[in-house]
Amino acid sequence: MTIVEIGLPKRLVEVTLDGESVRVPEGATILDACTAVGKSIPTLCYGDTLKPANACRVCMVEVEGSRTLVPSCSRKVEPGMVVRTESERTQHSRKLVLELLGSATDLSTTPHVDEWMSACGADPTRFGPPEPPSTDRDDRRPGEHEEPDGQTAATVRQPIKVDNPLYVRDYGKCILCYKCVDACGDQWQNSFAISVAGRGFDARISTEFATPLPDSACVYCGNCIEVCPTGALSFKREHDKREDGTWDESRQTQTTTVCTFCGVGCNLTLHVQDNEIVKVTSPHDSTVTHGNLCIKGRFGWQHVQNR
Amino acid sequence: MDLKLLDVEPTEAERVVVDLFTGMGRDQLLPALHAVNDRVGWISQGALNHICRVLHIPPAEAYGVASFYSLFSLTERPARVVHVCVDLACQVNGAKALCDRLTDELGPAGARSGWLRSPCLGVCEKAPAALAFEAGEVAKEQLLAPTHAGEVIAVAAAGPSHVDDERAEVPQAGDSGLRLLKRVGVVDPESLDDYRATGGYQALRTALLLGPSGVIREITDAKLMGRGGAAFPTGRKWDATARQPVRPHYLVCNADESEPGTFKDRLLMEGDPFAVIESMTIAGFAAGCSKGYLYLRGEYPRALHLLRNAISKARERGFLGANIMGHEGFSFDIEIRRGAGAYICGEETAIFNSIEGFRGEPRSKPPFPVEQGLFGKPTVVNNVETLVNVPVILTEGCEAYTRIGTEGSTGPKLFCLSGNVSRPGVYEVPFGTTLGELLDLAGGVPPGRELRAVLLGGAAGGFVRPDELGLPLTMEDARAAGTTLGSGVVLVLDDTADLGSFLLRIAAFFRDESCGQCVPCRIGTVRQEEALHRLVGKRPLSTSAADLQLLREVGQVMRDSSICGLGQTAWNAIESALDRLGYAEEATS
């Protein structure tokens, strides 16, 4: 039996969402209110187990009386708030944000982004042909950049980082949502192995001095990968299978069980393809793990397959 | 928290300066990085490691912070480096030719050749400018302004001289009508006695008699508005903070003056440093703050020296510390924080993160600083010029103050005149003076030239045309005319100025200074610069009209969806050049 914390009773707040009156509990966000009435708002940096980072700006909506658009994932509802999620301004913002992201980043493994782009008519190619991958992104200095000629569009394309047997870091797919940093840092793991480094377009997720993960404070819990919305971070096994074309989610089953390594009782979800465990995650609504695991639960399952 | 450090040790010199921070916490990260940079000129792995050990900070986070600031280098560089300003006012005054000479003689800009291109150094009245720095047991800094290639090359070879006794100057010095600038260039900025002999610390005495709520009432009735660019009513800000039951309250004096073309706060700090300290003390008294931080941009060595002197003298004489001026129970002290090369740290919430030892990224509002600011506590953030108006209000009275300026914009205002103007400098005029009158005061454009445009408010401001010189300089008139006074920048361009290059510099500036946190600004400023290059260079992707449309769309999303004012205004000046100056037509024809 799962015990659900229901907390103290909350006052209901009435807001207007796209002309429709909605009552949601005090303290709910605009995104919560949208979800409650079945309105879908695209999000990337929002994480159900993390505090809002407010970084990607995909979920921006219009609130009457506000000079700028507001992030629906973090802005709490207020009585009488009038919210428009499909106004011209909102749609323009969503389209441009997706175009900007798509023009600079490889979104080929980002779930749903294709649907969102076609829904708002986003065309990330209109900023020009992408510039070729660069190998110097870890060394770029803040406050300076090479003068562009405008004939190509700057991107974050760069070589994949594989410096350990468990993780792959493909920062050409990174949208800087801060989720991995938050999961690694004070919100969950408290390892602080990674941070955002650099500034502006040259900002990147990095260990100290871009040192390889095995020399960093990384404990290989995999909780950063769990929250990555674009596939920039992935498990080595999944990455290899995708590379050789044998990764097939339609042939995978998911079975949730309990980790046997210690007495904490973490829930494990085993992703099994062709009778072989290919990935282990944990349910985000698990009151024990909130989606987090340690290296043992996440990666210590090879013995199961010792047939 | 167990720290995993790299297996690298600091040098003896690095260890000595970092060990001075033993027992301190995260908020000393920026000062510790400065200490290493001042000593050796760059931040090595061993030094950063040792800072992390002493201050107990995860190395990845400290690296994230150190790599945020342009004045620090995380790769080895020589102890001596000259920062050459290439920003707006210097560009108009020959910075490009200067850089070309330096490239020829010293090699391309970079640590190895000993010179670097720098954003606005805040000495636009003496453009072109450069700042020489040399790390050592006593770090040396010397401002070269106005400079020329020969001087930069000589200083790059011989190093900066340590004696820098040049005094702040304003064109109106000695004018009896001056209030904010009355001491600048007239009294000895190092002498507390001179300050007191010219009315100093009378306002604090008045404030202590009025009590905190009395002071707030005076400031509110004087209708003082913030002078940093946003024009928020100061009295309301103080009142909202004073009412917060949570303690302590903090005061932050925003002296991170980095808006290209702005140098008024530097002149105030260099010419009248005690006034800044007294004003902060009054603000601290009114809003119930026990501690004030003066966040000074890293490129102002002279102001740093004079403010340090002012604070220590004020402390000696009981104007800072416990029971100030004998007022039982009123304690207040000031700590200077040096920025390290990041325009964004002048944003009112980014400044908190920077002081706390985190990356200088703006926070999402709400919550507002008056509720949760520095260290999560209620905080007042005021610009230097705003604060310096406070003693004027308290000594002259709020009624007399409101008679200066206009109904909607009260008081005197400082404007920073630079570019193609005969007598550049900071001018003090009442709000309501017209732009034309102000230009006349500064002697207009040089003889034989014609006015092309004025950039009002800075890189985040907008252009006005020569036929708009009748514009009264007030917050409300500027707003009604679709422009802004911003931080008081009046950058004049005559018919010799190259508008295309000027706009490209604005675009490059915003790209360089974006913190990178949100998508519209991080990528938008890049796409803006790229599209502008195509437009200015007449090399469109398809047509110039399409590039123009692209610029407008990117500008709109930056304005609508960026987290902070930097991204929201990064398109303002370019938009106004396109539409108000007619550059759109010029570029697409």
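These legends go with a few close-ups of a predicted model. Residue numbers start from 1 along each chain as its sequence is written, with chains lettered from A and ligands numbered from 1 in the order in which they are written. Because the model is predicted, local features need pLDDT of at least 70 and side-chain atom pairs count only at pLDDT 80 or more, while totals for chains, interfaces and linings use all residues.

**View 1. Domains 2 and 5 of chain B.** Chain B splits into domain 1 (12-66), domain 2 (80-158), domain 3 (192-402), domain 4 (412-494) and domain 5 (499-588), with bounds from an automatic or database domain assignment. The centres of domains 2 and 5 of chain B, over C-alpha atoms, sit 28 Å apart. Their contact (C-beta atoms, placed from the backbone, within 7 Å) uses four residues of domain 2 and six of domain 5.

**View 2. Where chain B meets chain A.** Here 52 residues of chain B pair up with 51 residues of chain A. Among the elements giving two or more residues on the chain B side are α3 (45-55), α19 (499-513) and α21 (544-561), but α20(B) gives the largest share, twelve residues. Helices here are DSSP runs (H or I, at least four residues), and strands are E runs of at least two, numbered from the N terminus.

**View 3. Helix α23 of chain B, mostly covered.** Six of the eight residues in α23(B) (572-579) are buried, meaning 20 or more other C-beta atoms, placed from the backbone, lie within 10 Å of a residue's own. Ile574(B) and Leu578(B) are among them. The cover includes β11 (451-456), β12 (462-464) and α22 (565-569) of chain B.

How values were computed: Contact = placed C-beta atoms within 7 Å. Buried ≥ 20, exposed ≤ 12 C-beta atoms within 10 Å, placed from the backbone.
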